[in-house]
Structure formats: structure tokens, C-alpha cells
Amino acid sequence: MEGWTVMCGAFIAIFLSGFTSEAIDDTVILVSDWSVPGKVQSVSMQHMNFSTLPIINISRPVAIDYDPEAHALYWTDVFLKQIRQTSLHDGTDLVLVQLNESATPDGITVDVTERLVFYTDAGNDFIGKVDLDTLESHALIDTNLHEPRAIFAYTEKRQLYWTDWGAFPRIETATYDGSDRTTLVATDLIWPNGITLDKLNGRLYWCDAKRKVIESVSLDGGSRRVLLSETNAHYFDIFHHQGRLYFTDWHKKRSILYIPVSGGNVSSLESHGFSHLAGIHVISNISSPSASSVTSSTQVTVVAPATSDSHIDVDEERSGSKYDAAQDEHMTPAVGASRVEVESGVHLSFVQTMFVALGCVSVFLLMAVTFLAIFYLLRRRREHRQETYCYLDRQREGPFTNNMYMEIGASLEDNTGVYLVPCDELKRGKGEDPIYDEIGDAKKY
């Protein structure tokens, strides 16, 4: 049934795209993949497929951000020790910052209006700032940081928020120039990992890999709430987009997970093309129908998460404060919490449901028309056979030892013992060939 749903949905999506002139709002998820070599994947929620972004110089990407105006991707690479930028428009590649061997570039956030990039370095324990116009960079905050991890910019207010999972784990905020530094959360934290912001509702979300929870507070640090808690999870990164929280879990390395900010069911997108998902960033890609064609043949499956936790042998003990590029696991905080059981992981709106239903009806109608066409052709073929053969009745009892019938193409019908003769042959032979007189009149078979 799942296969039919996907096929019918794809059929109607392609069918409708040829008849609409309105823009299509497609949610696109960007995820970094720790496979070797590393890569960044782009997932279309509209088409349910993914493609690998054309990035050449990439090794072990962690945090990612995106500039939709310039079509530029930004990411941190913990193996190359770099902050990088790649244009998805013309493929231009640029190293924004080359860090030293002690560096662990963990988090990144971009203000495309101010043309600024902020990043965290858990190896050298500072938050850096890069001017995209001059490419000048410097340490913005380098005191009282232990393991700065994820960072997020509230661009409208020129405010930074970040997590620190060091000896004194906490969530802090400061302005773009590093002033007005304030601790928002400092209790009940172990490995605060990814961080994101719901600007509409004024809430800050983060995931704690060791405590296995996703929580939120108001922007002043109050009104703390637990959104999700699981017993077998290792959350790594999180991103808010249009009322949903999208996140990655290192106990489910091949899945993109998402949940409404109001709580409820957790859904996942899975693909055999995923290996070890890490950073995540979500955008709305508004394009015309002609530009929204599927370019990747690899499908993404929408599934409900497992209702029982299966044990995955992942060492959750920190082996130090640095990334080990040779290791398959990153030992910094990765979110985790005991997930609420879900009845279904597929969330379809009423309009989407109608599209799928219409697609299925269209497929069945196409099959019915094909069947009727084949039936008609077979019937016409039989009628043609009936019209072009005649049978011989006068000589049925005669001595059929001569070859007169064979000479005009006659053949013996096994079921009736009647000789069948092409009618055209009889017409051509009438009055001209004595064989016709021997055979006599023929009737339609």
C-alpha cells in the first residue's frame, strides 16, 4: 500500500505541475553527513527525494548554514580545521578561516544582511567572527568558555545564543560585539548540543545529548519546558522552521526527525543514501513549477519512529573535548530523550490527501483504458480473421487426395474438418481457374 501511495502521489504531483502557474513553496532540509568522505545532502519535502550538493573540498562537515539570496552554503569542517563557503550557483569555493591543529570548529551561524559569520571552536575555546566583505576574522568571546558547541544568531536583534557542554554546561547569549553576555540556563544540563530559535513565539530550543531531552525557554531564560524526552537517543543538532523542530539523532544516523513545537508525534525521513547525519538547516525554497523537477532518483521514505527502543552500542562517555576524525562517533553532547510513542509518522494535510487520492484514481483509470484498448484490438483481430477466410462445404465428402486445395492456400481446420480458404483467392480464381469449378461455391466461415 505504501508503494501505491508514493506512486500515485508522484503521478499527481507531476500531472498538476503541468497545469499550475503558481509558485511552489517547498521545504528543503540541508544536512551534513559524516560519511567518509563527508557530504551535504539536500532533501525536498515536496518531492520526497534527496540529492548530494556538488561540493568538492569537503571532509568531515559538522555545522551548516545557508544564504538563500546568494545560494551560498557555509559549514565547519573538523578534519580540515576550516570555516568554508561554497556557492551553489557557480561552484566557487572559499576558505573563510583556516584554524590551527588544536581547533574543533563545531557551530556556525550566518547573518546574510550584516554579512557576518559566527562560529564556535571547542578546541581553542572561543567564539569567532568573520566579516564576509573583508574576510577579516577574530575571536569575539574567548573567556570563560569550556566547550562551546552550537550557535544561533537572532539577526533582527543582533543577538547570539550558544551552548557550552564543558565542565560547567550552560546556555548563554551576547550581542554581536560580545557585550551584554548573559547566562540563560545553567542547571539540569549535561551535554547541551544543538540550539535554535522560534522567533514568532520567542522561545529558545536546545537538545541535550546526555539527558536525552529537547527543551525550551523564553528569551529571558524563564518558563522552561520539556518538549521531548527519550530513553534511547543521542540528539546532535536541531533547527526550527515554520512551527516544526527538525533534528538529528546519532542513534538514528540515517534519519531526519521532526516534531511540532506544540508536541505530539515524532516523524522521520529515512534514506539508504544517508550514512551519519550531523548538522541540519531548513529553508523554504520558493520556485516556479518548471524549476521544481526531480533531479535525484533516490527516494526518501516517510516513516513512523519505532515504538520500542532498541539498544545501539554507542559509547556516550566523552573521551576528551576534541573531535577525533578517525572515530565514527563524535563524543560531544548529542541530544537524547525518551520518545513518546506515535501512532503514525506520516502527516498529510487535507489537500495533500486529496492529491494522493486523485493520483490513485488517475492511475486506475489509465489501467482501465489500457485494458479496454487491448480487448478492442483482440476482438478486431478475430473479426478480421472471420472476414478473410471462407469454408468449403460442397467437397467435404469428396476424395481429398489431390492438391487442389493446397494450391489455393487452403488449410484444414482441426476442430471441424472444414477446409479454410482465403476468400481473396476464391474471388481471383472464379471464372479463370478450373480448380474453382471443382471446389464449388464457398460460404463465409
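1. Let me start with a loop: Gly-38 sits between β1 (24-33) and β2 (39-44). Strands here are DSSP runs (E, at least two residues) and helices are DSSP runs too (H or I, at least four), both numbered from the N terminus. This is a predicted model, in which local features need pLDDT of at least 70, side-chain atom pairs count only at pLDDT 80 or more, and totals for chains, interfaces and linings use all residues. Residues are numbered from 1 along each chain as its sequence is written, and side-chain values use heavy atoms, with hydrogens and water left out.

2. Staying with Gly-38, its relative accessible area is 6%, so it is buried (under 20% relative accessible area; exposed is over 50% and partly exposed lies in between, with a 1.4 Å probe and protein chains only). Leaving aside neighbours within four places in sequence, Gly-38 is in contact with Asp-33, Ile-58, Ser-59 and Pro-61, where contact means heavy atoms within 4.5 Å. His-276 is 238 residues away along the chain, yet the two C-alpha atoms are separated by 9.2 Å.

3. Of its 445 residues, 48% count as buried. Among contacts between residues at least 6 apart in sequence, 53% join residues at least 24 apart.

4. Strand β14 (residues 170-175) deserves a look: 6 of its 6 residues are buried. In a regular strand the side chains alternate between the two faces of the sheet. Here both faces are covered, with Arg-170, Glu-172 and Ala-174 buried on one side and Ile-171, Thr-173 and Thr-175 buried on the other.

5. What are the partners of β14? Strand β13 (residues 159-164) is joined to β14 by 6 bridges and runs antiparallel to it; two strands pair if DSSP finds at least two bridges between them. Trp-162 has Glu-172 as its bridge partner in β14, and 5 residues lie between the two strands of this hairpin. Strand β15 (residues 182-185) is also antiparallel to β14, through 3 bridges, with Val-185 as the bridge partner of Ile-171. The hairpin of β14 and β15 has 6 residues between its strands, and Gly-178 in the turn shows a positive phi of about 85°.

6. Finally, an open sheet of 4 strands runs in the order β16-β17-β18-β19, with antiparallel pairing. Its edge strands are β16 (192-198) and β19 (225-229), each pairing on one side only. Between β16 and β17 (residues 203-208) there are 5 bridges, and Ile-195 has Trp-206 as its bridge partner in β17.
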